[in-house]
Amino acid sequence: MSLAGADLARSSRINIRRADALKQPGIMRSIFGPDGLIAKAHPEYEHRPGQIDMAEAVLRAFEQKHHLIVEAGTGTGKTLAYLVPAIAAACGSGARVVISTGTKNLQEQLMDKDIPFLQETLPAKFRAAVMKGRNNYACLHRIKQAESTPFLEGLDQIDQFDEVFRWVTQTETGDRAELSNLPENLPFWRHIDARSDTCLGQKCPDYEPCFLTRMRQRAMDADVIVVNHHLFFADLALRNGAYGAVLPDYAAVILDEAHQIEDVASEYFGSGVSNYQLDDLLRDLSYLKIEDREAERELTRISSRIQRYADLFWVSFREGRGLDGRFALTPRGSRPTMREGAELDEEQPGTAAYPALDNALNRLETAIDILKDAPADAESILRRTRQLRFDLNFIVKAADKQFVYWIERRGRGAFLRASPIDVSGLLQDKLFEKVPTVVLTSATLSSGGNFRFIRERLGLDEGEEMIAESIFDFENQAVLYLPAKMPDPRSPQWGAAAAEQVINIVNATEGRAFVLSTSNAGMNEMFERVASQIDYPCFVQGSAAKSELLKRFRETPNAVLFATSSFWQGVDVRGEQLSCVIIDKLPFAVPSDPIIAARQRHIEEQGGSSFYEYSVPQAIISLKQGLGRLIRSTTDRGVLAVLDPRLRTKVYGQSFLKSLPPCRVTSNVDDLIRFFAVESAATA
Ligand code: SF4
């Protein structure tokens with residue numbers, strides 16, 4: 001990536017003298033130390049040696065232009081530990097730094113809390129901008145067109161649309177997060193968002209006031225840009241491509257929640273086509289204003305052909321598969337059934353209907369191409385049709401062995417996808433070799449005390465690494481409970497024995513527990529077996545929205561929440577309300593998942609052991625995420641329980657145990673009662 005593009009002009013507006021203040025030797029210690037700027041300004045300041053070490057390592061990575069991988073467990077204060085050196089580097093060099101977070105919530109936390117705090121506290125003045133994916137923003141052009149495109153259903157939607165219409169005349173950003181009093185899943189939002197498919201670009205009559213144009217301008221003027229992984233990798237996949245980059249040039253990037261990167265990168269370096277995309281194309285085609293009657297009739301005929309063949313095409317993918325879920329498209333999950341130039345395989349779902357569908361799309365392409373006085377929107381339909389044909393061809397032929405081909409079914413949606421099996425080479429080429437400084441950080445990146453796994457998965461050969469020390473005293477704050485004897489988790493006896501353990505544990509902790517299962521079926525079974533046997537209020541995932549369940553859990557004394565992996569990450573319940581986290585089984589990734597199966601097979605084909613090189617380290621990282629829910633502050637205390645006997649009976653169990661916090665281990669439930677009795681005595 002050319003750094004020449006980083007606006008040198010911006011450096012003139014930085015107060016050089018103040019920026020230099022952040023470049024003095026030992027500056028991180030004086031900012032984060034007990035007498036430092038943050039201690040003076042932050043009401044909840046705690047001296048954290050691990051935070052200072054991390055901040056110095058991040059600053060070193062910027063100054064020496066190398067990559068850094070840093071695990072910073074809960075209690076390290078990692079957000080400030082990367083923000084402060086990032087700001088120092090951006091202000092000092094005039095080159096932009098991108099910070100990419102795992103979720104939009106974390107983006108908002110940075111923009112609403114941490115960055116304003118540092119803007120007030122640090123001597124250097126800096127500008128920060130947030131960028132989200134295009135579909136978070138309203139499209140002025142599509143909203144204006146909405147008058148003639150009848151996509152609203154029912155009076156509720158008409159009222160909601162009126163509210164959106166009023167809002168776009170007032171909002172500065174066009175970011176739909178501002179519409180907090182409307183439902184999260186507004187049914188018509190996809191018809192008015194600023195997605196690239198339908199964007200007219202510089203030909204748009206609303207290009208100047210467009211919210212995306214304004215967002216990009218703010219980003220160009222900023223020293224620090226806060227994005228999320230989806231936008232970051234969408235941009236990375238587009239860079240040097242036909243449509244160009246989304247983000248302005250940058251000299252360094254910090255990827256927080258970096259344990260998620262492999263999955264996000266494989267999503268954006270792949271291809272996908274959904275039934276919704278085809279539906280949207282035909283719907284937008286029907287709204288085209290065509291003057292020529294004959295051309296209009298021809299487009300209507302082509303549209304019904306596409307609809308007919310598309311229906312046949314999607315039906316063929318539904319046959320023989322369950323309802324929702326992810327399914328491999330080829331019999332063995334990833335091995336393509338086709339070679340380049342070969343005939344399409346009739347056994348591959350969709351291939352019988354595909355030629356007719358492709359033919360109809362081809363006719364559409366030609367018909368639009370020769371339209372006289374075509375309206376501006378015809379160009380986007382043409383572009384989308386070409387892209388659809390290209391993606392469909394790539395997926396249905398399944399000819400590239402480096403990809404796994406699969407389908408996801410969700411409700412009425414069918415999503416065909418091709419994902420790269422191994423993203424390490426792509427990340428090396430597009431990220432680590434192009435950007436001088438990449439900082440990867442997360443609370444969970446190491447497994448078995450080293451970073452071998454994450455480095456190999458992401459293709460990061462070079463660079464410094466560190467595990468930042470937590471300020472938590474796990475020896476005194478937590479107890480690890482491992483049952484003395486449990487049946488094999490795959491045996492029929494497992495369910496009853498695990499439920500008995502959960503009942504004993506939550507009785508000892510007086511509720512206040514998360515019971516986390518590795519599958520929905522396991523969660524439901526556990527809830528059925530346990531809820532009626534304990535005297536504590538029980539909640540189960542799926543009975544309400546996640547945020548509502550968490551609210552109820554926080555507000556209900558002695559509650560027990562049964563959940564799955566969606567509660568393993570990004571959930572923060574401080575204090576004694578959450579005093580116990582129980583995990584039923586070691587969280588090995590589901591081997592029937594097409595991407596997981598393809599990755600495992602790829603390792604085996606290279607002569608490796610997919611179990612030891614992929615399944616075990618990946619499960620260690622997941623387990624650490626789940627257990628990380630428990631201790632969130634220096635005053636939290638609690639019980640971690642893992643009911644899977646393989647932790648003790650299998651050789652690989654040692655790698656798991658080595659990766660857990662250094663706390664006391666017990667198999668005696670009475671120890672848990674004593675642990676909490678000590679706490680009660682101390683607070684009495
Ligand atoms: S430039 Fe694109 S996103 Fe912006 S208003 Fe126009 S069509 Fe919508």
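Strands β8 (residues 403-410) and β9 are paired antiparallel through eight bridges. This is a predicted model.

Two residues separate β8 from β9 in a hairpin. In the turn, G411 has a positive phi of about 55 degrees. Along the pairing, E408 faces F415 of β9. Strand β9 also pairs antiparallel with β6 (residues 271-274), through four bridges. There, G272 has R417 of β9 as its bridge partner. Strand β9 spans residues 413-420, and six of its eight residues are buried, so the rest of the structure largely encloses β9.

| Strand pair | Sense | Bridges | Bridge partners |
|---|---|---|---|
| β6 and β9 | antiparallel | four bridges | G272 and R417 |
| β13 and β15 | parallel | four bridges | V515 and F562 |

**The seven-stranded sheet**

Seven strands form an open sheet with parallel pairing, in the order β14-β15-β13-β16-β17-β12-β18. Its edges are β14 (538-540) and β18 (664-666), each pairing on one side only. On average, neighbouring strands are turned by 20 degrees against each other, direction ignored.

Within this sheet, β13 covers residues 513-516 and β15 covers residues 560-563. Four bridges join these two parallel strands. V515 has F562 of β15 as its bridge partner. Helix α20 (residues 494-509) packs on the sheet. It touches β12 (478-481), β13, β15, β16 (580-583) and β17 (638-642). The direction of α20 makes about 175 degrees with that of β16. Helix α24 (residues 610-627) lies across β13, β16 and β17. Its angle to β16 is about 150 degrees.

**The ligand shell**

The residues around the ligand are C139, L140, H141, R142, A194, C199, L200, C204, D206, Y207, C210 and L212. By class, the shell holds nine nonpolar residues, one polar and two charged. Helix α8 (residues 140-145) supplies the largest share, three residues.

**A loop residue: A353**

A353 sits in the loop between β7 (325-328) and α15 (354-369). Is A353 buried or exposed? The cut-off for burial is 20 or more other C-beta atoms within 10 Å. A353 has 20 C-beta neighbours inside 10 Å, so it counts as buried. Beyond its neighbours within four places in sequence, A353 contacts Y309, L312, F313 and S316. A376 lies 23 residues from A353 in sequence and 32 Å away in space, C-alpha to C-alpha.

Key: Residues are numbered from 1 along each chain as its sequence is written. This is a predicted model: local features need pLDDT of at least 70, side-chain atom pairs count only at pLDDT 80 or more; totals for chains, interfaces and linings use all residues. A residue is near a molecule or strand if its C-beta atom, placed from the backbone, lies within 6 Å of it. Ala, Val, Leu, Ile, Met, Phe, Trp, Tyr, Cys and Pro count as nonpolar, Asp, Glu, Lys and Arg as charged, and the others, Gly among them, as polar. A residue is buried if 20 or more other C-beta atoms lie within 10 Å of its own, exposed if 12 or fewer, and partly exposed in between; C-beta atoms are placed from the backbone. Two strands pair if DSSP finds at least two bridges between them. Two residues are in contact if their C-beta atoms, placed from the backbone, lie within 7 Å. Axes are lines fitted to C-alpha atoms, for helices over the stretch in contact, and angles run from 0 to 180 degrees between N-to-C directions.
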